[in-house]
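Hello! Here is the structure I promised to pass on to you.

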Amino acid sequence: MPDITVHDKRFSIYLSEEVLQKRIKELADAINKDYAGKKVYFIAILNGSFMFAADFFKYLTVDSEICFIKLVSYKGTKSTGNVTTAIGLEDDLHGKDVVILEDIIDTGKTLHYFLPQLQHQQPHSLKIVALLHKAEMTQYEVPIDYTGFVIPNKFVVGYGLDYDGLGRNHGAIYQLADPE
Ligand SMILES: O=P(O)(O)OC[C@H]1O[C@H](OP(=O)(O)OP(=O)(O)O)[C@H](O)[C@@H]1O
Ligand SMILES: Nc1nc2[nH]cnc2c(=O)[nH]1
């Protein structure tokens, strides 16, 4: 597979469409097994997760609902620290089996600040599916229940992930190429 260029940077193939789809089906099958007979409420976090969520959803056989949310973070007051607001989360999660869909967990900061808001609504259960996990970058421990790939600390694009807004449209995932 040839390299791609996004803005001024060159990226090399890292996870092909075939490899991604095979793993995504395995993740969905794990959910199908673990939630057999239940109804699952998925929360996909925009923007990056739109492609992952769409493919993942096609492999589900359990009763499944989905909602897409956008997280906006800003600095709160001294006492509140970082504040994360979810746009688009309209349903009451009380008593539901909730599963978060993330394209990538890097430092863990995003979910670290968002999870307490979901817990506050007292779902019956709350689990996390992450397609990619940059484990060595962890600054905030996040309990990831289903991981697609543990990846090294190299910037990746494609399959929903962007570099400065571009590159989301590729069906495979590409890694920043070493300089020539
Ligand atoms: O673990 P963290 O270090 O917090 O990084 C993970 C977050 O980064 C990405 O989103 P991004 O902020 O790039 O937004 P986007 O999905 O809209 O491109 C990804 O979708 C996660 O939400
Ligand atoms: N596109 C992209 N977004 C990220 N957010 C956190 N890590 C990454 C990464 O490697 N690539």
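**The nonpolar core**

The largest nonpolar core has 40 residues, and Phe52, Val99, Leu101, Val156 and Ile173 touch the most other members. Such a core is a set of buried Ala, Val, Leu, Ile, Met, Phe, Trp, Tyr and Cys residues joined through C-beta atoms within 7 Å; buried means that 20 or more other C-beta atoms lie within 10 Å of a residue's own, with C-beta atoms placed from the backbone.

Please keep in mind that this is a predicted model, where local features need pLDDT of at least 70 and side-chain atom pairs count only at pLDDT 80 or more, while totals for chains, interfaces and linings use all residues. Residues are numbered from 1 along each chain as its sequence is written, and chains are lettered from A and ligands numbered from 1 in the order in which they are written.

What does Val156 contact, leaving aside its neighbours within four places in sequence? Its partners are Tyr14, Leu132, Ile151, Leu161, Ile173, Tyr174 and Gln175 (contact: C-beta atoms, placed from the backbone, within 7 Å).

Phe52 also belongs to helix α2 (residues 50-58), whose buried residues are Met51, Phe52, Ala53 and Phe56. Among the elements covering them are α1 (17-34), β3, β4 (63-75), β6 and β7 (125-133). Helices (H or I, at least four residues) and strands (E, at least two) are DSSP runs, numbered from the N terminus.

Now for the ligand. Of the 14 residues around ligand 1, Asn47, Gly48, Asp106, Thr107 and Thr110 come nearest (a residue counts if its C-beta atom, placed from the backbone, lies within 6 Å). Two or more residues of this shell come from each of β3 (39-46), β6 (97-105) and α3 (109-120), and β6 gives the most, with four.

Enjoy exploring!

Conventions: A residue is buried if 20 or more other C-beta atoms lie within 10 Å of its own, exposed if 12 or fewer, and partly exposed in between; C-beta atoms are placed from the backbone. Two residues are in contact if their C-beta atoms, placed from the backbone, lie within 7 Å.
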